[in-house]
Amino acid sequence: YNAFSGSHWSRLADNSKPTILRGTVMESIATMCDWYHAVADGGEVQEPIDLPNGKSVGDSVTFTSGGEEYTGVYVKEDNEQLPMCKISDTADSKAVYGVFMAWDDTDDGNDGDVNDMYVASLGAFVVRVHSGETVAIGDYLQSKGDGTAKVQADDIMRASTIAKVTSTTKTITHGDGSYCVPCTCLLYTSPSP
């Protein structure tokens with residue numbers, strides 16, 4: 001499938017949407033993402049929706065779908081595989097989940113203030129490297145503990161290995177001097193919470 005980059009949704013635990021630099025190293029946390037729908041007509045009509053404070057799954061809700069108004073209930077979407085995340089703050093972390101790709105700004109607005117992001121974890125993408133690091137093609141990268149990556153000390157594939165450098169071309173240089181290089185993301189196993 002040519003130049004493949006596998007990504008998945010995640011969210012910060014406080015649902016904030018700070019500026020996160022592209023390629024920033026992210027870690028999973030032990031809290032699962034949650035999404036809700038307004039459901040009517042036995043499940044025939046559904047719309048993504050934010051669960052307002054004070055409301056619970058099963059509570060009544062009036063919503064619009066396809067230009068028509070419906071009365072239904074709040075339902076929690078099933079999620080058995082997507083945990084929330086944080087910017088990596090642990091050097092050599094085995095909880096590395098991938099690298100920040102982008103915020104999911106394609107929402108239609110129906111799900112309120114849910115700030116989902118895309119985290120790249122497999123295939124061709126970029127990784128943000130600390131300004132003090134020099135990379136070579138073939139280097140393995142690990143978390144430096146500040147949202148950036150560092151060169152791994154050896155060539156052994158580890159649970160903490162993020163990616164393998166495929167080019168030393170700096171595709172992005174951020175204001176703090178950190179830079180992104182093309183890599184093959186190698187997070188092919190489940191992250192440790």
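This report describes the nonpolar cores and the salt bridges of a predicted model.

**Nonpolar cores**

The largest nonpolar core contains 20 residues, and Val-99, Val-127, Leu-141 and Ile-162 have the most contacts inside it. Two or more residues of this core come from each of β8 (96-103), β9 (117-129), β12 (163-165) and β14 (179-186). Another core, of 15 residues, lies apart from it and includes Leu-12, Met-26, Met-117 and Val-119. In soluble globular proteins, nonpolar side chains tend to be buried together.

Leaving out residues up to four places away in sequence, Val-127 touches Val-99, Leu-141 and Ile-162, and its other contacts include Gly-23, Ala-149, Tyr-179 and Cys-183.

**Salt bridges**

The model has seven salt bridges.

| Pair | N to O distance |
|---|---|
| Arg-11 and Asp-34 | 2.9 Å |
| Asp-116 and Arg-11 | 3.0 Å |
| Asp-154 and Arg-158 | 2.4 Å |

Arg-11, Asp-34 and Asp-116 belong to one network, joined by salt bridges that share partners. Arg-11 is in the loop between β1 (5-10) and β2 (25-32), while Asp-34 is in the loop between β2 and β3 (36-40), 23 residues apart. Asp-116 lies in the loop between β8 and β9, so its pairing with Arg-11 ties together parts that are 105 residues apart in sequence.

Asp-34 is partly exposed, at 25%. In the remaining pair of the table, Asp-154 is partly exposed at 22% relative accessibility, and Arg-158 is partly exposed at 38%.

Conventions:
Residues numbered from 1 in each chain as written. Predicted model: local features only at pLDDT ≥ 70, side-chain atom pairs only at ≥ 80, totals over all residues. Heavy atoms only, no water. Core = buried A, V, L, I, M, F, W, Y, C linked by side-chain atoms within 4.5 Å. Buried < 20%, exposed > 50% of the residue type's maximum accessible area, 1.4 Å probe, protein only. Helix = DSSP H or I, 4+ residues; strand = E, 2+ residues; numbered from the N terminus. Contact = heavy atoms within 4.5 Å. Salt bridge = Lys/Arg side-chain N within 4 Å of Asp/Glu carboxyl O.
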